[in-house]
Amino acid sequence: MNFAKAKRIPIESIPVIDIAALTGGRTDPAAELTVAEQMGEAANGVGFFYVRNHGVPEELIKAAFDISGRFFASPLEAKNSVRVTEKKRGYIEPYTGIMKGNTRRDFRETFLWGREFDRPTLDELASVPLVGPNQWPEFLPDMKPVLNDYFEACVEVGRKILRAFALAMEIEPGYFSGNFDRCIARGSALYYPPQPENLGEDQFGIGAHTDWGVLTLLCQDEVGGLQVLSGDGEWVTAHPIPGTFVVNVGDCLQKWTNRRLLSNQHRVVNSSDRYRQSIAMFVDPDFDTPIIPVVRPGETPRDEPTTCGEQVMDSFRKAYD
Ligand SMILES: O=C(O)CCC(=O)C(=O)O
Ligand SMILES: [Fe+2]
């Protein structure tokens, strides 16, 4: 028995893109378009790339990792005081979810949260799946303000990246990023204990999967363990690179772009002797946002129309029911 292997690749194999032209607050359409084209190319190739100069302050990232680390280090009983709700907010124990096509349940622990809507909005949206009250632990009062700030900062960056994808595709710039007032975006703080080697090569922190929504911004610590499927079918390591986010395209955006952008498989195995932390931000718009393939002249749609919320809920059901 051994860990699942991945080839160690040169760090440049997954592109690192400087997105200061999108996040810097100055408007320079030519620079923005250059970045947009670089991102479009990367998302069309491996479906993954790193971004630097994303604009989320390092202190905020550190605070988000510190507070979620303290949460995961708390006793199971305390964590289960905020057990995940039907609306997919709160704590999920290890060995709960299983990704499609995998044989074993994931080893990771998860804390899910979403936008902090006010009471009247929550009442109005009571029947919308994925929109509900967050489950903040009473024993860690800082978790709510820190993770809320992190959430909103990442949604802002994600929308800038989506705008750039639309520019690269020569469609209306707000096409993918417009619909976020009642978004179903989710933060997922993740904790991967060191995985004993004798669990074998089909045990993962998170098994091979594609992401379900529109766009994912992933921040990983320095431990490593993320693996991405390369174009030639080999698993390759996506090294931690300080100061960057890993960006990947989800199933909704793959459908929305008529498969011009790729929703690629990835997985995590923590073969180190330390715990690993990451935070995935799923930058998904309002539940009812139509996902209808954008076709170029002469192209036919390659997927059936859906909505962002339906697509994500369908995947949740398959992973957790
Ligand atoms: O922890 C990671 O590096 C990846 C997490 C992930 O792929 C996910 O939550 O969808
Ligand atoms: Fe993922």
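Buried means under 20% relative accessible area, exposed means over 50%, and partly exposed is in between (1.4 Å probe, protein chains only).

**Ground rules**

I'm working with a predicted model, where local features need pLDDT of at least 70, side-chain atom pairs count only at pLDDT 80 or more, and totals for chains, interfaces and linings use all residues. Residues are numbered from 1 along each chain as its sequence is written, chains are lettered from A and ligands numbered from 1 in the order in which they are written, and side-chain values use heavy atoms, with hydrogens and water left out.

**Entry 1: backbone angles**

I looked up phi values. Most residues other than glycine have a negative phi. Leu-130 has a positive one, near 75°, and is not a glycine. I found Leu-130 in the loop between helix H5 (119-124) and helix H6 (143-168); helices (H or I, at least four residues) and strands (E, at least two) are DSSP runs, numbered from the N terminus. Is Leu-130 buried or exposed? Its relative accessibility is 1%, so I put it down as buried.

Arg-259 also went on my list: its phi is positive, about 65°, and it is not a glycine either. Arg-259 sits in the loop between helix H7 (251-256) and strand E11 (266-268). With a relative accessible area of 37%, Arg-259 is partly exposed.

**Entry 2: salt bridges**

Next I searched for salt bridges (a side-chain nitrogen of Lys or Arg within 4 Å of a carboxyl oxygen of Asp or Glu). How many does the whole structure hold? The search gave me 16 salt bridges.

- Asp-303 counts as buried at 17% relative accessibility.
- Glu-32 bridges to Arg-163, with 3.1 Å between the closest N and O atoms. Here too distant parts of the chain are linked: Glu-32 is in helix H2 (residues 29-44) and Arg-163 in helix H6, 131 residues apart. Glu-32 is buried at 10% relative accessibility, whereas Arg-163 is partly exposed at 31%.
- Asp-123 and Arg-119 form a bridge with closest N and O atoms 3.0 Å apart. Both lie in helix H5, 4 residues apart, about one turn of the helix. Asp-123 is partly exposed, at 47% relative accessibility.
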